[in-house]
Amino acid sequence: MFQSLSRAVFVLILMAAGNSLCQTRGSSSLGRLVLSEVSALDAAPSLADWRNLHPKERLKNAGYDNEYESQGAWCTASVAEFVLPGGVKATRRALFYPPSGEPGDPLPGQQDTGLLRKCRLLALWYEVDRPADAGELAKTVSAELGASLGTAEEPPSFKRTDGDWGSGYWSPYRVWERANQRIVLAADPGGYFPPPGARTRLLVIARSSLAPRGLLFIWSGGAPKGQPSLKGAAEGARVTRLENLCSFDDGRNNWQSPLIRFGEQLLRDFPESRWKPYIHLTMARAYAARLVLTYPDVDLNGANRPTDPEALRSAAIAHFRGFLEGARESPEAPFAWREAWRLLAGLPPLPIHFACTD
């Protein structure tokens, strides 16, 4: 009964947000459009529920673009175009993220792109490209948002730690901070010293407090957290080498394949090793790092592009499962669960920010 009632309230919230949006299409200002949609962040609807209310919006697949929130951590974006008073054209991207899960929760049994429908709305990104007067439009939108949200903060560039990509040169830059939401209004001139013809944009970014922000440095080599001591172990030297990723590099950033061969052999030679879960974790990350290289927009940095993405995906999933089976209480387990879910849903792995240098 409680679940049915909660579901009914949830749907009513979405219907209210959807009805409000329908009333503003083509007639409302940008500030009012934003205010009509941000309440949906509190409901955090699934992509399936959002699509029921916004069936005509186009979907943008997740990728490694250095914008739109978290550089690869989202599932998909639902994109809408608006023509506002004065002929102002705005684009809105509703960004959906994998559902929250705990290491003890069961993972999906098999790969299924239908899992994307469970991703949740956690951010809204509005953009007006090359407005006639970005400064004046920013003042108008700021006044509209301020009438409902109150006075905005204007943090200097060195205090902009919320993960907005390139925000150091955004001016003006105003923030409305709430316990469960953060709304940023900014004008992006295209750089500190923008060249003639640089792309100027007005941005409004609304985030749930649950949304990840900025670059995600999830792995830079070294031992996983919680790994037991290597003292006195026959396989100690080999496990130690497994932690030194650059020892496998060929000078052209091709470190994943030799590391994978070494790690797979280590698992065969020591099937009962007490470090087995952590070898699985290193292997899962290595397979995922190699899978990243199969995506067309990724800078290979000298590495060879793999040609077997599905095999890499399946191997990474299997090793994440192996880690979770043996180290479910590890500090690394929440990451492993979420990353395995992403791979099972057909999403790109989280970006691997790592390179071997001289």
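Which hand does the disulfide of Cys75 and Cys119 have, and what is the torsion about its S-S bond? I started here, working on a predicted model.

**Entry 1: the disulfide**

I searched the whole structure and found one disulfide. Cys75 and Cys119 form it, with their sulfur atoms 2.1 Å apart. I read the torsion about the S-S bond as about -70 degrees, so the disulfide is left-handed. Next I looked up where the two cysteines sit. Cys75 is in the loop between S1 and strand S2 (76-84), and Cys119 is in the loop between S3 and strand S4 (120-129). The pair links distant parts of the chain, 44 residues apart. I checked burial for each. Cys75 is buried at a relative accessible area of 2%. Cys119 is buried too, at 0%.

**Entry 2: the sheet**

I traced the strands next. Seven of them form an open sheet, in the order S1-S2-S3-S4-S7-S6-S5. The pairing is antiparallel. Which strands stand at the edges? They are S1 and strand S5 (173-177). Each has a single partner strand, so one side of each is left without a neighbour in the sheet.

S6 and S7 run antiparallel, and eight bridges join them. Within this pair, Ile183 stands opposite Ala206 in S7.

**Entry 3: helices on the sheet**

I looked for helices against the strands. Helix H2 (residues 30-37) lies across S2, S3, S4 and S7. Its run makes about 175 degrees with S4. Helix H5 (residues 134-149) also packs on the sheet, where it touches S3, S4, S5, S6 and S7. The direction of H5 makes about 15 degrees with that of S5.

**Entry 4: Leu185**

I picked Leu185, which is found in strand S6. Is Leu185 buried or exposed? Its relative accessibility is 1%, so Leu185 counts as buried. I listed its contacts, leaving aside neighbours within four places in sequence. Among them are Ala138, Val141, Ser142, Pro172, Tyr173 and Trp176. Leu202, Leu203 and Val204 are in contact with Leu185 as well. I also took a C-alpha separation: Leu185 and Tyr126 are 9.4 Å apart, at 59 residues along the chain.

**Entry 5: salt bridges**

How many salt bridges does a search of the whole structure find? I got 16.

Arg92 pairs with Glu57, the closest N and O atoms being 2.6 Å apart. Arg92 belongs to strand S3 (residues 88-97), while Glu57 is in the loop between helix H4 (47-53) and strand S1 (58-61). The two are 35 residues apart, so I noted a link between distant parts of the chain. Arg92 counts as buried at 0% relative accessibility. Glu57 is buried as well, with a relative accessible area of 6%.

Glu177 and Arg182 form a salt bridge with closest N and O atoms 2.1 Å apart. Glu177 is partly exposed, at 37%, whereas Arg182 counts as buried at 11%.

Asp188 and Arg201 meet in a salt bridge of 2.5 Å, N to O. Asp188 is in strand S6 (residues 181-188) and Arg201 in strand S7 (residues 201-208), 13 residues apart. Both are buried. Salt bridges join Glu127, Asp129, Arg130, Asp188, Arg199 and Arg201 into one network.

Methods:
Residues numbered from 1 in each chain as written. Predicted model: local features only at pLDDT ≥ 70, side-chain atom pairs only at ≥ 80, totals over all residues. Heavy atoms only, no water. Salt bridge = Lys/Arg side-chain N within 4 Å of Asp/Glu carboxyl O. Helix = DSSP H or I, 4+ residues; strand = E, 2+ residues; numbered from the N terminus. Buried < 20%, exposed > 50% of the residue type's maximum accessible area, 1.4 Å probe, protein only. Disulfide = S-S within 2.5 Å. Contact = heavy atoms within 4.5 Å. Pairing = 2+ DSSP bridges. Axes fitted to C-alpha atoms, helices over the stretch in contact; angles between N-to-C directions.
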